[in-house]
Amino acid sequence: MSMRPLLALSICSEVFPLIKTGGLADVTGALPAALRPHGITLRTLVPGYPAVMARLAGAERVLEDPNVFGGAARLIAGTAAGLDVFVLDAPHLYARPGNPYVDTLGQDWPDNAQRFAALAQAGAVIAGGMVGGFVPDVVHAHDWQAGLAPAYIALSEGRKPATVMTVHNLAFQGQVPSSLLASLRLPASAYTPDGLEYYGAIGMLKAGLRYADRITTVSPSYAAEICTPEGGMGMDGLLRARAHRLSGILNGIDTKVWDPARDALLPAPFSAGDLAGRGLSRAAVQAHFGLQPDSAALLFGVVSRLTHQKGMDVLLESLDAILGAGAQLAVLGAGDVALQEAFLLAATRYPGRVGVRLGYDEALAHRIQAGCDAILVPSRFEPCGLTQLCALRYGAVPVVSRVGGLADSVIDANEAALAADVATGVQFWPVTPAGLRAAIARVASLWADRAAWGRMQARGMAFDVSWAAPGKRYAALFKEAVPF
Ligand code: ADP
Ligand code: GLC
């Protein structure tokens with residue numbers, strides 16, 4: 001267990017505010033500040049996507065390689081949007097439209113294996129001590145895109161910092177053909193079931209889970225779920241074998257970005273002591289989504305990827321319960337084309353009661369959290385989930401499935417919890433139309449008692465969703481992983 005200040009390298013495919021497709025970016029963006037008070041300096045290695053290159057300042061070229069998967073690559077050290085970064089500038093791999101993983105038509109980039117292997121290799125080079133002035137004690141790899149980094153480090157001859165693999169979502173596994181073994185510079189001897197091999201392919205996430213010194217995931221419940229055949233998505237055997245190395249740390253959110261008292265994206269600020277400003281956001285959301293300007297109607301909100309994981313098909317099947325309770329629904333999201341179309345259709349079918357905006361809109365996400373009475377998160381599985389944490393902070397009552405980080409962050413308004421004055425939201429299970437309809441009916445009956453609702457809202461707003469506690473846990477884990 002190390003007591004000295006530590007240097008750590010975070011390897012990830014997205015980081016807020018430079019580039020974000022989901023909660024992964026929020027977490028990698030928040031960790032450097034969360035670890036700093038504990039004497040840990042965390043520097044983030046990201047691909048040089050156009051959005052990253054555009055914001056890079058004080059850039060210094062630290063390494064160069066004329067041929068990384070068919071083109072020249074430079075490793076640049078600098079700062080971007082307040083983050084200390086290493087950027088892998090390889091235009092032939094990263095200077096593309098679309099998002100980090102897919103083209104503008106939503107198809108995976110065909111060379112994703114090479115694009116993220118290059119990132120992991122750059123991380124392993126830094127880990128090996130090749131960048132003067134930054135020799136990390138810990139390498140922190142996030143999700144399958146960085147999964148090869150612990151393998152490259154473990155299988156190399158060079159120095160070996162402690163490695164930590166964090167799973168944000170086990171559903172995305174990065175399986176690539178075994179024919180790429182040599183070109184990805186992976187030793188054939190490691191291509192075994194106890195090594196890199198995963199169902200006849202190279203498993204990039206599996207590699208991280210197999211070779212990292214420590215494995216973490218983003219909530220204690222998800223850590224337990226992924227060790228079971230139902231939640232393990234094929235990795236549960238390996239995870240059970242390494243359970244002594246696995247732990248769950250619930251995410252926080254950036255309470256400066258998500259601060260209702262100082263949020264410039266809202267029509268008016270508010271706080272637990274003075275909720276008046278919430279009313280303005282509520283009216284703004286109703287106006288924006290074309291909902292009836294009814295101040296008594298229970299207003300549900302959704303900010304989500306529109307996918308099967310998030311239970312959005314179940315929500316569509318449960319709309320009758322929302323309408324039957326005289327409630328309204330505002331949905332902001334993007335994702336599966338069929339779900340997008342089904343939500344648009346619902347908005348046309350129930351004008352004034354259901355409103356839908358497709359796309360990604362940070363400002364609108366803040367207004368929905370500030371204006372809706374309740375936020376629906378009916379996920380089939382959810383490693384952590386951040387929108388329910390934002391909801392707690394903004395006084396929107398979270399209505400969540402009892403799974404993963406949702407189960408760990410919301411206290412269900414059952415009779416005992418209400419009597420003890422500890423409830424902060426509603427949990428339900430199973431994720432079926434019947435399960436969600438029953439939850440919506442419970443929310444409607446809770447809403448009928450406005451005084452009790454207000455107390456539940458206030459308790460949620462007082463709940464600590466910051467990075468203070470998780471920052472301390474990651475710091476302890478890093479220090480424990482470094483032996484001296
Ligand atoms: P996931 O990463 O699985 O999509 P999380 O709940 O962990 O789910 O994180 C989602 C993050 O993305 C949150 O910060 C949420 O506010 C944001 N988000 C999701 N969809 C949208 C959207 N359509 N517009 C704006 N923000 C969104
Ligand atoms: C993934 C998970 C989500 C989690 C996020 C950040 O996107 O789906 O549950 O909150 O990563 O860890």
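This is a predicted model: local features need pLDDT of at least 70, side-chain atom pairs count only at pLDDT 80 or more; totals for chains, interfaces and linings use all residues.
Which residues are the closest to ligand 2, and how many surround it?

Figure 1. Ligand 2 is surrounded by 14 residues. The closest are His168, Asn251, Glu382, Cys384 and Gly385. Sorted by class, the shell holds 6 nonpolar, 6 polar and 2 charged residues. Helix α1, spanning residues 23-35, gives the most to this shell, with 3 residues.

**Figure 2. Polar contacts to oxygen atoms of ligand 2.** Histidine 168 places a polar side-chain atom 2.7 Å from an oxygen atom of ligand 2. For asparagine 251, a polar side-chain atom lies 2.9 Å from an oxygen atom of the ligand. Glycine 385 contributes through its backbone: an N or O atom there lies 2.8 Å from an oxygen atom of ligand 2. Taken alone, ligand 2 exposes 310 Å², and the protein buries 92% of that.

**Figure 3. The largest cavity.** A search of the whole structure finds 1 cavity of 30 Å³ or more. The space in the largest cavity is about 30 Å³. Its lining consists of Ala391, Leu392, Gly395, Ala396, Val397, Pro398, Thr424, Met456, Gln457 and Gly460. At least two lining residues come from each of α14 (387-394), β17 (397-401) and α18 (450-462). Helix α18 gives the most, with 3 residues. By class, the lining has 6 nonpolar residues, 4 polar and no charged.

**Figure 4. The second largest pocket.** This pocket has a volume of about 450 Å³. Its lining counts 21 residues. Nearest the centre of the pocket lie Asp65, Gln121, Ala122, Val125 and Arg185. Strands β3 (56-65) and β4 (73-80) each supply at least two lining residues, as do helices α4 (112-127) and α5 (148-155). Helix α4 provides the largest share, 5 residues. The lining divides into 12 nonpolar, 4 polar and 5 charged residues.

How values were computed: Residues are numbered from 1 along each chain as its sequence is written. Chains are lettered from A and ligands numbered from 1 in the order in which they are written. Side-chain values use heavy atoms; hydrogens and water are left out. A residue is near a molecule or strand if one of its heavy atoms lies within 4 Å of it. A polar contact is a pair of N or O atoms within 3.5 Å; within protein, one must be able to donate a hydrogen and the other to accept it, and residues adjacent in sequence count only if both atoms are side-chain atoms. Accessible areas come from the Shrake-Rupley method with a 1.4 Å probe; for residues, only the protein chains shown count as cover. Helices (H or I, at least four residues) and strands (E, at least two) are DSSP runs, numbered from the N terminus. Ala, Val, Leu, Ile, Met, Phe, Trp, Tyr, Cys and Pro count as nonpolar, Asp, Glu, Lys and Arg as charged, and the others, Gly among them, as polar. On a 1 Å grid over the protein atoms alone, a cavity is a set of points where a 1.4 Å probe fits but cannot get out, and a pocket is an open set with protein on both sides within 12 Å along at least five of seven lines; lining residues have an atom within 4 Å of a point. Grid points are joined across faces, edges and corners, and a volume is the space filled by probe spheres set on the points.
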